[in-house]
Amino acid sequence: MSTEVMEYVSGEVYGVWFLIGAALVFWMQAGFAMCETGFSRAKNAGNILMKNLMDFCIGTVMFIFLGFGLFLGEDALGGFLGLPNMKIFTDYAGFDWSNFVFNLVFCATTATIVSGAMAERTRFISYCVYSAVISAVIYPIEAHWTWGGGFLAAMGFHDFAGSNCIHMVGGICALIGAAMLGPRIGKYERDEKGKITKVNAFPGHNIPIAALGVFILWLGWYGFNGAAATTVGQLGSIFVTTTIAPSVATVVCMILTWVKYGKPDVSMCLNASLAGLVAITAPCDVVDVPGSMVIGAVAGLLVVFGVWFFDYVAGVDDPVGACAVHLINGIWGTLAVGLFATDTTPTYSLADSEGNKLLGLFYGGGVKLLGIQLIGMACTVAWTAVTIWITFTVIKKLLGLRASAEEEIEGLDITEHGLPSAYSGFAIQDMTGTVMDVNENTNLGESEYDRASEAQKNASVKVIKEVSIPSEGSVYYDTGMHKVSIIAKLARFDVLKKALNELGVTGMTVTQVMGCGIQKGAGEYYRGVELDATLLPKIKVEVVVSGIPVDAVIEASKKALYTGHIGDGKIFVYNVTKVVKIRTGEENYEALQDVE
């Protein structure tokens, strides 16, 4: 077979692999969706899935009209950007379809990273807008510098698959967005000076789904890193480094969390696998096995440090660890090129603008390549930080960035999408984070209660007492002890708890329940069909009082629960004939003294 034929066949084979790799990267959207959903709370699962779906769909539209041209259009302004064009409409026969699809799926990944750090409290409309801006402008321009023939490529900057251009950029957007958005309600407890005194854990509701997401991402990463390979040898080497780095990172993380916390941490190890993948993305084609092992080991340490740092030092609430995984390890992976690049890898071609071979510091190349990597990274950081800050600031002014306190506590599934639950048929509910700090988003509802008439108060929060209390001498005479049972919205639990505490109630029983209400003409919709009877999450709070007047409990509860809207709650009051404290044998009044 002639050389020309072999070259043709090889080119066709790698052209097909190029598109298969693009499909694998698209499949990573499912991985991000599963991972983020599993690490978040059940009440926001539908919102997160919707965001991950719209990342790609909105990104596609923006990439067609603007992003692709800015990325791979004719070079302009000294390598700063490509010229936008409409060749996909005007010259479809000669259009580079494969390159469009390949770079589109990478663009969508950048926007998806931001979703996790800002999860559970971002307005959906605002999310759609900033996702569009990232896909249309922020990512395409900085990616042009490295992969579109821009000025960073000319100086010898190397980022084979995106530690810098995708993961660090997504991480910067995530960090700035999460910081401007503020933490989820109840995440941090602070002293009077604003210093964090306690970080509250909000466990993900479905670790199996998160783990599935990580495995999907790991599979997709073979396309992410390997799709641009041009020889079998290079592809094999990339697969090796893409396997070794995350494996070592996960082992190191497991050992570290085992030593630090007493047991190996499941969610942290899942993060570590992704951290190792992020770190190896830029140098995957230019490092050997020892280099990839060191890169992975450092990534395993950095992800644990990063999660701790953003929680306890920076005070940035990142539900999925996106900043620790993508930002910190994106930086590490970019710098790792300058430390570990070696010409023993297949098709090694790193060179400066004068054609001189560039090697990593630990492989005899000095600091030149490391310096180039630092310069390229600094340019990308500056561009991304400035543009995304402007984007979030404008969105915050025009649309509002954050959901209201009540929307956040009720869950974005129901408040943003009219979805009562992403798990219809399953009794999944979440009480995590019901300890709230009063902040600018918190509305305690007291002013509405004070302004309301007695008729409005009684209509909104109904009080139902026992009709009659038998006289003394009867088996059921009035003992002076009463059980107060309160059915209320989950969003009002903390206000209610504080109100009862102020009365002197220190013990209560809390049950998660579902309430069914019919709201003809005002219900939510599922696939265009009105939900006539909707099961909504409620709480049932029960307290037994004797020394505290029951009327005081009723009044405090009504004031805490009142919003003036349908479903504020009901209060039931029962006579209690006998109370026995099992541990001490105390009865009646004496048995209640440690909860009043």
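**Salt bridges and burial**

Modeller: Glu120 counts as buried, because its relative accessibility is 0% and buried means under 20% relative accessible area, exposed over 50%, partly exposed in between (1.4 Å probe, protein chains only). This is a predicted model, in which local features need pLDDT of at least 70 and side-chain atom pairs count only at pLDDT 80 or more, while totals for chains, interfaces and linings use all residues. Residues are numbered from 1 along each chain as its sequence is written, and side-chain values use heavy atoms, with hydrogens and water left out.

Biologist: Why is the contact of Glu120 and Arg41 called a salt bridge?

Modeller: The rule asks for a side-chain nitrogen of Lys or Arg within 4 Å of a carboxyl oxygen of Asp or Glu. For Glu120 and Arg41 the N to O distance is 3.2 Å, so the pair meets the rule.

Biologist: Where in the chain do the two residues sit?

Modeller: Glu120 is in the loop between helix 4 (97-117) and helix 5 (124-147), and Arg41 is in the loop between helix 1 and helix 2, 79 residues apart. Helices here are DSSP runs (H or I, at least four residues), numbered from the N terminus.

Biologist: Is Arg41 buried or exposed?

Modeller: Arg41 is buried, because its relative accessible area is 3%.

Biologist: What other pair can I set against this one?

Modeller: Lys357 and Asp343 also form a salt bridge, at 3.2 Å from N to O. Both lie in the loop between helix 12 (322-340) and helix 13 (368-398), 14 residues apart. Lys357 is called exposed because its relative accessible area is 54%, and Asp343 is called partly exposed because its value is 35%.

Biologist: Which residues do salt bridges with shared partners join into one network?

Modeller: Arg41, Glu120, Arg184 and Asp317. The count of salt bridges by this rule comes to 11.

Biologist: How many of them can you describe further?

Modeller: One of them joins Lys51 and Glu36, at 4.0 Å from N to O. Lys51 is in helix 2 (residues 45-72) and Glu36 in helix 1 (residues 3-39), 15 residues apart. Lys51 and Glu36 are both buried.

Biologist: What makes residues in the lining of the second largest pocket nonpolar, polar or charged?

Modeller: Ala, Val, Leu, Ile, Met, Phe, Trp, Tyr, Cys and Pro count as nonpolar, Asp, Glu, Lys and Arg as charged, and the others, Gly among them, as polar. By class, this lining has 17 nonpolar, five polar and seven charged residues.
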